[in-house]
Amino acid sequence: TSGMWYDSHFVPLICIAMLTNNIAMLVFNLFVPCIPLDCSQILVSLLLMCGYEANFAAKVMVGVSVPVVLLLLAWGAYMFITGGATASMSLVLALWL
């Protein structure tokens, strides 16, 4: 994308941006173990398949989700203070989770 310009390559740049965004959402959804995301469902299913009780699986999920959300809030606050472009999205995502 280094030789592309908005005036002559607008559609390919939009397609590249959408592809990059979708890959980032896929990685975030599959590798961040917060409760509404797919990784949490995979983790709970694996714990249940290994013979753990549902109560234990729920406690593990909450124990993993809370630090992840706190880290995301801290990252959003840091980006907000330093003027980062993704600060508001990080804060909204952390509050949503």
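Is Thr-82 buried, exposed or partly exposed? At 47% relative accessibility, Thr-82 counts as partly exposed, where buried means under 20% relative accessible area, exposed means over 50%, and partly exposed lies in between (1.4 Å probe, protein chains only). The model is predicted: local features need pLDDT of at least 70, side-chain atom pairs count only at pLDDT 80 or more, and totals for chains, interfaces and linings use all residues. Residues are numbered from 1 along each chain as its sequence is written, and side-chain values use heavy atoms, with hydrogens and water left out.

Thr-82 is found in helix H3. Helices here are DSSP runs (H or I, at least four residues), as are strands (E, at least two), and both are numbered from the N terminus. Thr-82 is 48 residues from Cys-34 in sequence. In space, the two are 26 Å apart, C-alpha to C-alpha.

Ser-65 is also a residue of helix H3. Its relative accessibility is 6%, so Ser-65 counts as buried. Ser-65 touches Pro-33, Cys-34 and Ile-35, leaving out residues up to four places away in sequence. Contact means heavy atoms within 4.5 Å.

Helix H3 (residues 54-82) packs against helix H2 (residues 38-49). The angle between them is about 145°, and their axes lie 9 Å apart. Axes are lines fitted to C-alpha atoms, for helices over the stretch in contact, and angles run from 0 to 180 degrees between N-to-C directions. From H2, the contact takes in Ser-40, Leu-43, Val-44, Leu-47 and Leu-48. From H3, these meet Ala-54, Phe-56, Ala-57, Val-60 and Met-61. By class, the residues of this contact are nine nonpolar, one polar and no charged. Ala, Val, Leu, Ile, Met, Phe, Trp, Tyr, Cys and Pro count as nonpolar, Asp, Glu, Lys and Arg as charged, and the others, Gly among them, as polar.

Rolling a probe the size of a water molecule over the atoms shows where empty space is left. The largest pocket has a volume of about 290 Å³. A pocket is an open set of points on a 1 Å grid over the protein atoms alone, with protein on both sides within 12 Å along at least five of seven lines; a cavity is a set where a 1.4 Å probe fits but cannot get out, and lining residues have an atom within 4 Å of a point. Grid points are joined across faces, edges and corners, and a volume is the space filled by probe spheres set on the points. Among the residues lining the largest pocket are Asn-21, Phe-28, Leu-72 and Met-89. Helix H1 (10-31) and helix H4 (87-96) are the elements that give two or more residues to this lining. H1 gives the most, with four residues. The lining has seven nonpolar, four polar and no charged residues.

Val-92 lies in helix H4. At 51% relative accessibility, Val-92 counts as exposed. Val-92 and Leu-72 are 20 residues apart in sequence and 9.8 Å apart in space, C-alpha to C-alpha.

Pro-36 lies in the loop between H1 and H2. With a relative accessible area of 44%, Pro-36 is partly exposed. Leaving aside neighbours within four places in sequence, Pro-36 is in contact with Trp-96 and Leu-97. Pro-36 and Trp-96 are 60 residues apart along the chain, with 9.6 Å between their C-alpha atoms.
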